[in-house]
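Look at the sequence and the 3D structure below.

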Amino acid sequence: MVLISEKDHELELLKKRLRDKGYKLTTQRRAVLDTISVNEGKHLTTEEIYDLVKKDCPEIGLATVYRTLQLLEEINIIYKLNFDDGINRYELVHDYEDHHHHHLICLKCGKVIEVEGDLLESLEKEITKKYNFKITNHMLKFFGYCSDCKDKI
Ligand SMILES: [Zn+2]
Ligand SMILES: [Zn+2]
Ligand SMILES: [Zn+2]
């Protein structure tokens, strides 16, 4: 059995998906993916990714980072999050997730907490039955105040 790390796996997947679309794995594309991967769980914005990538690739421009993020999203390597504040944030797509996890967004400090487990399967079943509607996906965001903020509002 060959054990490959999650990171190698990500890289292989990226190479394959890029190749399938006729793109190459450039240093810059790799640097953008590495940055998102290393900062897993932080839900980085385009500007934050740019600032971090610049440390390894000082010659990279914001436009390149922007285009790279679009490309990585298009080939389903990263996922674009929209928390209704007009700012795009990105995180990796994980093979082990059937569908993307949900987030709790603190309205005071902006903290983003990932929700473990989905809990919506039974609701989907009920809706499917009631409306005879085949559900293929759902989106859900929770807005409110985190444990640090909820007593200070
Ligand atoms: Zn908070
Ligand atoms: Zn997340
Ligand atoms: Zn869900």
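Strand 3 (residues 88-92) is mostly covered, with four of its five residues buried. Buried means under 20% relative accessible area, exposed means over 50%, and partly exposed lies in between (1.4 Å probe, protein chains only). Helices (H or I, at least four residues) and strands (E, at least two) are DSSP runs, numbered from the N terminus.

This is a predicted model, in which local features need pLDDT of at least 70, side-chain atom pairs count only at pLDDT 80 or more, and totals for chains, interfaces and linings use all residues. Residues are numbered from 1 along each chain as its sequence is written, chains are lettered from A and ligands numbered from 1 in the order in which they are written, and side-chain values use heavy atoms, with hydrogens and water left out.

- Strands of a sheet pair through backbone hydrogen bonds, either parallel or antiparallel.
- Two strands count as paired here if DSSP finds at least two bridges between them.
- Strand 1 (residues 44-45) runs antiparallel to strand 3 and is joined to it by two bridges. Thr45 has Arg89 of strand 3 as its bridge partner.
- Strand 2 (residues 78-82) is also antiparallel to strand 3, with five bridges joining the two. Within this pairing, Lys80 stands opposite Tyr90.
- Strand 2 and strand 3 form a hairpin with five residues between them, and Asp84 in the turn has a positive phi of about 65 degrees.

- An open sheet of three strands has the order 5-4-6, and its pairing is mixed.
- Strand 5 (112-114) and strand 6 (141-144) are at the edges with a single partner strand each, so one side of each has no neighbour in the sheet.
- From one strand to the next, the twist averages 20 degrees. Axes are lines fitted to C-alpha atoms, for helices over the stretch in contact, and angles run from 0 to 180 degrees between N-to-C directions.
- Strand 4 (residues 103-106) pairs with strand 5 in the antiparallel sense over three bridges. His103 has Glu114 in strand 5 as its bridge partner.

**The zinc ion**

- Which residues coordinate the zinc ion (ligand 3)? The donors are His99 (NE2), His102 (NE2), Asp118 (OD), Asp118 (OD) and His138 (NE2), at 1.9 to 2.7 Å.
- Donors are N, O and S atoms within 2.8 Å of the metal (3.2 Å for Na, K and Ca); water is not among the atoms, so sites may look incomplete.
- The spacing of the donor residues in sequence is H-x2-H-x15-D-x19-H.
- His99, in the loop between strand 3 and strand 4, and His138, in the loop between helix 5 (121-131) and strand 6, are 39 residues apart, and the pair links distant parts of the chain.
- His99 is partly exposed at a relative accessible area of 24%, while His138 is buried at 19%.

**Salt bridges**

- A salt bridge is a side-chain nitrogen of Lys or Arg within 4 Å of a carboxyl oxygen of Asp or Glu. By this rule there are eight salt bridges.
- One of them joins Lys141 and Asp84 (3.1 Å, N to O). Lys141 lies in strand 6 and Asp84 in the loop between strand 2 and strand 3, so this pair ties together parts that are 57 residues apart in sequence.
- Lys141 is partly exposed at 31% relative accessibility, and Asp84 is exposed at 55%.
- Another joins Asp85 and Arg89 (3.0 Å, N to O). Asp85 is partly exposed at 38%, whereas Arg89 is buried at 13%.
- Lys15 and Glu12 also meet in a salt bridge (3.4 Å, N to O). Both residues lie in helix 1 (residues 6-20), three residues apart, which is about one turn of the helix.

**Positive phi angles**

- Most residues other than glycine have a negative phi, and most peptide bonds are trans.
- His43 has a positive phi, near 50 degrees. His43 is in the loop between helix 2 (27-38) and strand 1 and is buried, with a relative accessible area of 4%.
- Leu119 has a positive phi near 65 degrees. Leu119 lies in the loop between strand 5 and helix 5 and is exposed, with a relative accessible area of 68%.
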